[in-house]
Amino acid sequence: MLKRRKKSGPGEINAGSMADIAFLLLIFFLVTTTMDTDVGILRLLPPIVDDIEEADKVKERNVYVVLINDADMLLVEGEMMDIKDLRAGAKEFMTNPENREDLPEKTRVTKGVIQQEIGNYKSYVAGATDPDAKASYEKTLERWEEKQAAVELFERYGHPAEYMELPGSAVISLQTGSKTSYDMYVQVQNELEAGIRELRDEFSKEKFGRKFTELDDKKEDDQALIKAVRLVYPQRISEAEPVEVGKRQ
């Protein structure tokens, strides 16, 4: 009787040196591999400003500074103000009815000026060889064409083809304290927006016979009116990050 051959498992591999080999390879790659590092600061930058000349012309008179301190006290243009007066203050800043030197200097935009500027920028666009310069001219030309559409609307409704324009740098700057209450912040926002909304209502009622809030942005005719009113009274409210802007003593 033949003896059954005893089954034997696969032969064992001596892996004792494998760890040493892997370690040597790791050292080799660490020494020989170069890692590229990005140069610069990891930060989300603001978009490129096309009209740098206009942005540089920010004057103190064109900024309506509104501060709310940690104790919810309101400081406007360096003076204490009750919130019930804020709406009127914002409207005065936007209109400058008495042509005060501490409020924005408004410019009269007439149909003649617009046509001249449109002609100028059309020639700039036609003659521009640099793509970036051409794009900037086209954007400025588009803004002048929007102004032309607005004054033509005024004229169509029986008014002079002109309006008073705020400087491009005119802005309401809202700054809060790090402990300003949300309720006070909302109240101030409401008053500022209400001031601009009232100006738009008054202007739209005067020019087109309807309040701005009565215009329907879904109707094509009303869309043109809305754009014209917003051109005259843009809503420019900028907000800075909360800081320590004073506490109640």
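A crossing of two helices is left-handed if the near helix is turned anticlockwise from the far one by less than a right angle, and right-handed if clockwise. In this protein, helix 3 passes helix 6 in a right-handed crossing. Welcome to the structure, which is a predicted model: local features need pLDDT of at least 70, side-chain atom pairs count only at pLDDT 80 or more, and totals for chains, interfaces and linings use all residues. Residues are numbered from 1 along each chain as its sequence is written, and side-chain values use heavy atoms, with hydrogens and water left out.

**Overall layout**
- The protein has seven helices and seven strands, where helices (H or I, at least four residues) and strands (E, at least two) are DSSP runs numbered from the N terminus.
- Starting at the N terminus, the elements follow the order α-α-β-β-β-α-β-α-α-β-β-α-α-β.
- Of the 249 residues, 30% count as buried, meaning under 20% relative accessible area with a 1.4 Å probe and protein chains only.
- Among contacts (heavy atoms within 4.5 Å) between residues at least 6 apart in sequence, 70% join residues at least 24 apart.

- Five strands form an open sheet in the order 3-2-1-6-7, with mixed pairing; two strands pair if DSSP finds at least two bridges between them.
- Strand 3 (79-80) and strand 7 (237-239) stand at the edges with a single partner strand each, so one side of each has no neighbour in the sheet.
- Strand 6 (residues 171-176) and strand 7 run parallel and are joined by three bridges, and Ile172 has Ile237 as its bridge partner in strand 7.
- Helix 3 lies across strand 1 (63-68), strand 2 (74-76) and strand 6, running at about 160° to strand 1.

**Helix 3 with helix 6**
- Helix 3 (residues 86-95) and helix 6 (residues 182-208) pack at about 50°, with their axes 8 Å apart; axes are lines fitted to C-alpha atoms, for helices over the stretch in contact, and angles run from 0 to 180 degrees between N-to-C directions.
- That makes helix 3 oblique to helix 6, since angles under 35 degrees count as roughly parallel, over 145 as roughly antiparallel, 65 to 115 as roughly perpendicular and the rest as oblique.
- Residues that meet here include Leu86 and Met94 in helix 3 and Val188 and Leu199 in helix 6.

**Helix 5 with helix 7**
- The axes of helix 5 (residues 131-156) and helix 7 (residues 220-232) come within 9 Å and cross at roughly 110°.
- That makes helix 5 roughly perpendicular to helix 7.
- Among the residues making this contact are Phe154 of helix 5 and Leu225 of helix 7.

Note on methods: Buried < 20%, exposed > 50% of the residue type's maximum accessible area, 1.4 Å probe, protein only.
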